[in-house]
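The sequence and the model are shown first, and the description follows.

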Amino acid sequence: MEELNKTKTQIGLLSAEEFTVNPSSPFPSFLEMNLVESAMSSARILISSSIDTATSYIEHMLQRDINHGPSSLKHKMAHFLVILGRRFGPEIRMLLIYHLERRSLFTKNCASISESVYGLKRSKVEVSSSNSVLQEVERKDRERSALALALVDYFKERLDHLFEYERNRHLEESNTQDSRQHLPINTDSGTNIPSTVEENNGVTKTLRRAFLLIYPFLHFTTGGIDIAYRLAYLLGSSIYFCPSLHALGLVVRRITKADIESNDQKVAGSRLKNIKSNPEIHPDALLRN
């Protein structure tokens, strides 16, 4: 039965691919963009798993290490790496993604790693009164794209974890208060909570409750906007697949024959400049590079 369901799923994917992919269009299909996003998500999961595995391995080696005392430099460095991996794993992943995506975006095709795998590139949209023109991406746009690819998911993950932590904490405090209401009140204890502590706790609780009320609405709104962008892209009424690309003024498109010829001309021009600036270099040496 499972094999039959897998076969039906594969047939459905192939049918969707045949229906949505249009080779004559400069823009990738909805299915292609979803494949790019899936590859990007898988890469993030792989990086997170690698960080967790490396941290667990170092921690395991620390427990097995009996030849060096806890005061040795090797032990201290290993313990520091374990703390770094446990506490700042998302930050390390964010920096790695930024570095890798920045290197990929500063290539000649200007594409993220997952986009380059599927033969795609990014172009800047210049909107005029009559029409829109696709142009080459500038350096500042490449920097912004790398930051967006690294920071958007990082902040989303951090806010989700914070919301889960505050919600569980709120439930625990509510259960504690309910249990205290059923206990007898001892008026002779003489223990009073200072008013300043009560005021600080009151302000903190107010901020926490406000976050618990606002964040679900914010999460639902951003998710709805993202779905609206995808639906518009699927129906062909928009060239922007997600809000981050629209905010950057960039679109993802296919690499065409004109792009390849333009890159070849740029490479040939740079080699010609090298020959003119260094007459002693033989042209065959530049062709081999």
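Both D141 and K124 are buried, where buried means under 20% relative accessible area, exposed means over 50%, and partly exposed lies in between (1.4 Å probe, protein chains only). The model is a predicted one, in which local features need pLDDT of at least 70 and side-chain atom pairs count only at pLDDT 80 or more, while totals for chains, interfaces and linings use all residues. Residues are numbered from 1 along each chain as its sequence is written, and side-chain values use heavy atoms, with hydrogens and water left out.

The side chains of D141 and K124 meet in a salt bridge, a term for a side-chain nitrogen of Lys or Arg within 4 Å of a carboxyl oxygen of Asp or Glu. This pair links distant parts of the chain, with D141 in helix α6 (residues 139–181) and K124 in strand β1, 17 residues apart. Helices (H or I, at least four residues) and strands (E, at least two) are DSSP runs, numbered from the N terminus.

The structure holds 15 salt bridges; the table lists some of them.

| Pair | N to O distance |
|---|---|
| D141 and K124 | 3.4 Å |
| K156 and D160 | 3.2 Å |
| E166 and R208 | 2.9 Å |

E166 and R208 also join distant parts of the chain: E166 belongs to helix α6 and R208 to helix α7 (residues 195–235), 42 residues apart. E166 is buried, as is R208. K156 and D160 lie four residues apart in helix α6, so about one helical turn separates them. K156 is partly exposed at 41% relative accessibility, and D160 is partly exposed at 22%. Salt bridges also link E37, D226 and R230 in a network.

Helix α2 (residues 30–64) packs with helix α4 (residues 89–105) at an angle of about 130°, and their axes are 10 Å apart. Axes are lines fitted to C-alpha atoms, for helices over the stretch in contact, and angles run from 0 to 180 degrees between N-to-C directions. Helices α2 and α4 are therefore oblique to each other, since angles under 35 degrees count as roughly parallel, over 145 as roughly antiparallel, 65 to 115 as roughly perpendicular and the rest as oblique.

Y118 is found in the loop between α5 (113–117) and β1 (120–127). At 37% relative accessibility, Y118 counts as partly exposed.
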